[in-house]
Amino acid sequence: MRAEFPTQPPTQPPTQLPATAPSALPSRDVGRSAALGGESSLAEAESLRGLRGIILSSPVAASIVTPQKRASTPPVLLSVAVFDSHKYDCGPLKEACAKALQNPQCDKPPVSIELRFLESHLDVHSAALAKGCEAVCVFVNDKVSAEVLQELKSLGVRLVALRCAGYNNVDLQAAKRLGIAVARVPEYSPHAVAEHAVALLLALNRKLVRASQRVRDGNFLLEGLVGFDLFGKTVGVVGTGKIGAVFARIMHGFGCRVLASDPVRNEALAKEPWLQYCEFPVLLEQSDIVSLHLPLTPESWHLLNADSIGRLKRGVMLINTGRGGLIETEALIAALKSGGVGAAGLDVYEEEEGVFFADHSGTVLTDDKLTWLLMCPNVLITAHQAFLTQEALQQLAAVTVRNLSALAHGEVPGQGCVDGQRWLAGL
Ligand SMILES: NC(=O)c1ccc[n+]([C@@H]2O[C@H](COP(=O)([O-])OP(=O)(O)OC[C@H]3O[C@@H](n4cnc5c(N)ncnc54)[C@H](O)[C@@H]3O)[C@@H](O)[C@H]2O)c1
């Protein structure tokens, strides 16, 4: 249920944390938060959509302290600049903030998080929009480079909270050097991403987009719409972590034989009689469908290149919901032209930054490779939406708010004790 936000700010001043909590945040004026606006300022700001970097909404939670809690434990304030924010992020983040304030962890003061929603991506030009914030919240195409981190540091930012799992866009070494903590959401509905991979696979195989366009046009012919049975086919799963494991199980449900490649075996999966771990080249040679579920790292960049694509079974279907940089686009295009690759379902694209998550419908795309792929009848592209389910958004928001609250509570780990999962760098 959505929380309601009364217009009056709480009367109790925010908590001043004791000096014994070195990284806990100092309190600030709650009245200032309320003055920045709530839902009404969101409406005003939204009428200005299209202007990059505009503040869409401000504090969401400062005024929903219950009387009992207000009397006992006043909230600690935390200001957060939320870059690359969209309507679908705002609701779940506001709700998670409201929950954090209404149901504080026992023995901890509640945290009142002021969210400054920004349309802009984070980069060297927009970093200044985080002025006055202790933390920034970023997404997959925000550029968290050394230069940006340096600028954030000078503004007093102490935490970069990624509202995603992948962190290839963050210079972690620079963050460590500068003493800026980096947290991510290591897991949020692996089902969302795995199911989207399956959606791409099915839509491509059964030519659903083409079929739908055809019947809308009054053309009920079936020529050119022949697919294949998934039953009995071999599916290669590259990366058998959380998402790859869910995808493998769904493919098993279709009656597929599943091959898997991962330097770290998933022991639960390895016990399944229907799945076989093998070397990557074997997976390439034997699979009718190959689906990528590994992170983008310097080692995995262009994992599928001219050489590895050349090893694939002729006519293979490729699915990529991992990261665009896992596939060398030029090699993929060459293979689509020659028929080496029969079809490709892509939720990610190596040059997606600056294109995805924005409306370019009134302009000419200048990326020739993307334009070519979009024209191809056997390519289906979605704009990095595999994560986009209600459940995933709620989990992303809840863990992000937990990570932010840790800063307010002085619970951010030191550099030496980050866990590598939720905490990628400490203070
Ligand atoms: N499209 C989207 O919306 C979306 C959403 C979430 C995650 N993702 C991507 O999916 C990736 C996988 O997510 P996850 O939650 O399953 O991560 P995970 O960490 O649970 O699993 C990743 C697996 O990949 C394996 N791996 C690493 N290098 C490999 C290699 N060279 N070959 C084969 N396997 C390798 C790891 O050992 C691990 O088991 C993320 O890194 C992210 O980039 C995309």
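Leaving aside its neighbours within four places in sequence, with which residues is Ala135 in contact? In this predicted model, local features need pLDDT of at least 70 and side-chain atom pairs count only at pLDDT 80 or more, whereas totals for chains, interfaces and linings use all residues. Residues are numbered from 1 along each chain as its sequence is written.

With such neighbours set aside, Ala135 is in contact (C-beta atoms, placed from the backbone, within 7 Å) with Leu78, Val80, Val157, Arg158, Leu159, Ala161, Leu404 and Leu407. Ala135 is also listed, together with Leu78, Val80, Val136, Leu159, Val160 and Ile180, among the residues with the most contacts inside the largest nonpolar core, which has 62 residues. Such a core is a set of buried Ala, Val, Leu, Ile, Met, Phe, Trp, Tyr and Cys residues joined through C-beta atoms within 7 Å, a residue being buried if 20 or more other C-beta atoms lie within 10 Å of its own. Helix 15 gives the most to this core, with nine residues; helices here are DSSP runs of H or I of at least four residues, and strands are E runs of at least two, numbered from the N terminus.

The buried residues of helix 4, among them Leu93, Ala96 and Leu101, pack against strand 1 (76–82), strand 2 (111–117) and helix 15 (390–408).

Around the ligand lie 28 residues, of which the closest are Gly166, Gly239, Gly241, Ile243 and Pro295, a residue being counted as near if its C-beta atom, placed from the backbone, lies within 6 Å. Helix 7 (190–205) and helix 9 (242–253) are the elements that give two or more residues to this shell, and helix 9 gives the most, with three residues.

How values were computed:
Buried ≥ 20, exposed ≤ 12 C-beta atoms within 10 Å, placed from the backbone. Contact = placed C-beta atoms within 7 Å.
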